[in-house]
Amino acid sequence: WAAKIGLKNLPAPKKVIYSYAGTEEVRVATGIDNGFDGLQDITLSSFEALEAGNPNWKAFRDELPYVWPDPCARSISLNSMVEPWNDKDMRWVLNYVMDREQIIEIAYEGTSIMGPYFWPLYPSMQKYTDLVPQETIAKFLKPNVEEAARILAEKGYTKNGDYYEKDGKQLGLEIQVHEAFSELERVADVFVEQLQRFGINAVKVKLTGQTWGDNFNFGNYEAMSGWQTCGSIMEPYNTLRTMAGDPAPIGSRPQGLQNAYRWYNEEYTNLTQEIGTLKWDDPKLIEDTTRALEILYEELPVIPSAQSKKLIPWNETYWTNWPRQD
């Protein structure tokens, strides 16, 4: 009433506090009790529980899937200096095992889409997305465990019990995840289960944010569930550059965030460097990007897993005018 008659102004926030409150279940319970004004990305089932317990919580959209598309496509990052993943054929084994439909159904509860690309499926990126042939994309839409098994046999692997092995060494994969991102953890959980069923002894390891980031930059990992090709939203360079340049040796930090995958292809690097100098209307941009993508999809230093989404709800109990679709 004081604001309405001009006696006082409405209050405004004086500071923003970010806090880590534990598991998603704890965060939802705290949110229902108005302990937060906003929540980091949560799952669909958690949001539905939150909204049922406190109708003052609102998502970006009022209807399913409630989300907005995140600019960072999700992926499984691989360290190309770690055997056997320094072999592109072995990286393709992982891709052939991946069932992306199952990742969307289970990890995302149907709130995202597959989209096996290194960048988001924004309209602004469509002309570059269209440069990837459909016959290439077809290799990502369905798993092909028969082809994965054929490659392993060709590489000298045999299945002993539940797992493939070679020279007496079991084939395994450690996927590191950031402890604060349930989305990345759930993607890793589904992929680990798929690899286990196929015969690769995969495990998920949760790390603190600092350790997770340091391990990526210094090369202390086999694989990560992440988003590290993030960058492009209306041009190709900012994503392509993340995999270009000389690979930093394990134990040393790459320049900027470039090529922490420790993968190197001279032609790809040269193309990317040229792409960074071209104007957007230069026909050479399409030509160079087409070839760069051919190399990426042949070599697979990173395996696209899903298009990302953000289901970030806001609490209107104390504050209003949060960013929403309307």
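**Cores, pockets and local geometry of the predicted model**

Outside the four places on either side in sequence, Leu 94 is in contact (heavy atoms within 4.5 Å) with Leu 78, Trp 85, Leu 173, Phe 191, Leu 195, Ile 200 and Ile 303. The structure is a predicted model: local features need pLDDT of at least 70, side-chain atom pairs count only at pLDDT 80 or more, and totals for chains, interfaces and linings use all residues. Residues are numbered from 1 along each chain as its sequence is written, and side-chain values use heavy atoms, with hydrogens and water left out.

Leu 94 belongs to the largest nonpolar core, which has 68 residues. Leu 94, Leu 173, Leu 195 and Tyr 268 have the most contacts inside this core. A nonpolar core is a set of buried Ala, Val, Leu, Ile, Met, Phe, Trp, Tyr and Cys residues joined through side-chain atoms within 4.5 Å. Buried means under 20% relative accessible area, exposed over 50%, and partly exposed in between (1.4 Å probe, protein chains only). Helix 8 (residues 182-198) gives the most to the core, with 7 residues. Helices (H or I, at least four residues) and strands (E, at least two) are DSSP runs, numbered from the N terminus. A second, separate core has 12 residues, including Phe 47, Leu 50, Trp 57 and Tyr 66.

Helix 3 (residues 88-97) is largely enclosed by the rest of the structure, because 8 of its 10 residues are buried. The buried residues are Met 90, Arg 91, Trp 92, Val 93, Leu 94, Asn 95, Tyr 96 and Val 97. Asp 87 caps the N-terminal end of helix 3. A side-chain oxygen of Asp 87 lies 2.9 Å from the backbone nitrogen of Asp 89. The loop between strand 3 (74-78) and helix 3 holds Pro 84. Glu 83 and Pro 84 are joined by a cis peptide bond, with omega about 0°.

Pockets and cavities were computed on a 1 Å grid over the protein atoms alone. A cavity is a set of points where a 1.4 Å probe fits but cannot get out; a pocket is an open set with protein on both sides within 12 Å along at least five of seven lines. Lining residues have an atom within 4 Å of a point. Grid points are joined across faces, edges and corners, and a volume is the space filled by probe spheres set on the points. For the linings, Ala, Val, Leu, Ile, Met, Phe, Trp, Tyr, Cys and Pro count as nonpolar, Asp, Glu, Lys and Arg as charged, and the others, Gly among them, as polar.

The largest pocket holds about 890 Å³ of space. Its lining has 23 residues, and Val 16, Ile 17, Tyr 18, Ser 19 and Gly 38 lie nearest its centre. By class, the lining of this pocket has 14 nonpolar, 5 polar and 4 charged residues.

The second largest pocket holds about 290 Å³. It is lined by 17 residues, with Thr 23, Glu 24, Glu 25, Ser 182 and Glu 185 closest to its centre. Helix 1 (24-32), helix 2 (44-53) and helix 8 each give two or more residues to this lining. Helix 8 gives the most, with 4. The lining of the second largest pocket comprises 3 nonpolar, 6 polar and 8 charged residues.

Glu 24 is found in helix 1. At 10% relative accessibility, Glu 24 counts as buried. The side chain of Glu 24 makes a polar contact with the side chain of Ser 182 (2.9 Å). A polar contact is a pair of N or O atoms within 3.5 Å; within protein, one must be able to donate a hydrogen and the other to accept it, and residues adjacent in sequence count only if both atoms are side-chain atoms. Not counting residues up to four places away in sequence, Glu 24 touches Asp 41, Ile 42, Thr 43, Ser 46 and Ser 182.

There is 1 cavity of 30 Å³ or more. The largest cavity has a volume of about 40 Å³. Thr 43, Leu 44, Ala 107, Tyr 108, Glu 109, Thr 111, Glu 183, Arg 186 and Lys 309 line the largest cavity.

Asp 167 is exposed, at 77% relative accessibility, whereas Arg 262 is buried, at 3%.
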